[in-house]
Amino acid sequence: MKKDTLRKFKKLFEAQRNAIQGNNSIICDDFQICPEDRYDEADQARADIEQALRMQLKNRETAHMKKVEDALRRIEEGNFGLCEECDEDIELKRLEARPTATLCVACKEDQERREILTASKATQNYRSPDRRRSLS
Ligand SMILES: [Zn+2]
């Protein structure tokens, strides 16, 4: 990968990291719910839902942060843009669309095919007791 391109990605990841760090501090500041806000059950329930949503958001941010940090580390190590499976260059178009991608298109498609297979097996296992119950 060209140095210019690499620098562009590095800047992008650093900007994303800063944005996530900024968001996280907002989420954390907002996390303490004022005691007077929870004076009845409805408020309590709403506060619980809000907290769950914030946790979900925070988990997503944490996962994204990890990907961004991984990508920055790969830039430092000099293997950014290489497929983790086959060591080939990941298509630049793919990286532009999804900068944290670690697999080339072919390997990603392979992985997705495997995931669909696993997911459909899991669904079959999950469904079978239900079907038995509805028959009885
Ligand atoms: Zn590959």
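**View 1. Contacts across the whole chain.** Among contacts in the protein chain between residues at least 6 apart in sequence, 50% join residues at least 24 apart; two residues are in contact if their C-beta atoms, placed from the backbone, lie within 7 Å. This is a predicted model, in which local features need pLDDT of at least 70 and side-chain atom pairs count only at pLDDT 80 or more, while totals for chains, interfaces and linings use all residues. Residues are numbered from 1 along each chain as its sequence is written. You will find 4 helices and 0 strands here, in the pattern α-α-α-α along the sequence. Helices (H or I, at least four residues) and strands (E, at least two) are DSSP runs, numbered from the N terminus. Buried residues make up 8% of the 136 residues.

**View 2. Helix α2 and the glycine after it.** Follow α2 through its 37 residues: from first C-alpha to last, α2 reaches 53 Å, close to the 54 Å expected at 1.5 Å a residue. That expected span is 1.5 Å times one less than the number of residues. Gly78 follows α2 and has a positive phi, near 85°.

View 3. Ala71 sits in helix α2, which covers residues 41–77. Ala71 counts as buried because 23 other C-beta atoms lie within 10 Å; the cut-offs are 20 or more such atoms within 10 Å for buried, 12 or fewer for exposed, and partly exposed in between, with C-beta atoms placed from the backbone. Leaving aside residues up to four places away in sequence, Ala71 touches Phe13, Phe80, Pro99 and Thr100. Look for Lys10 too: 61 residues separate Lys10 and Ala71 along the chain, and their C-alpha atoms are separated by 8.3 Å.

**View 4. Asp87 in its loop.** Here is the loop between α2 and α3 (92–97), where Asp87 has its place. Most residues other than glycine have a negative phi. Asp87 has a positive phi, near 65°. Asp87 is exposed, with 9 C-beta neighbours inside 10 Å.

View 5. Lys108 lies in helix α4 and is partly exposed, with 17 C-beta neighbours inside 10 Å. Cys83 is 25 residues from Lys108 in sequence, and their C-alpha atoms are 9.4 Å apart in space. Confidence in the chain is lowest in α4 (residues 105–135), at a mean pLDDT of 79, and highest in α3, at 95; pLDDT is the predictor's confidence in each residue, from 0 to 100. The chain averages 85, and 79% of the residues score at least 70.
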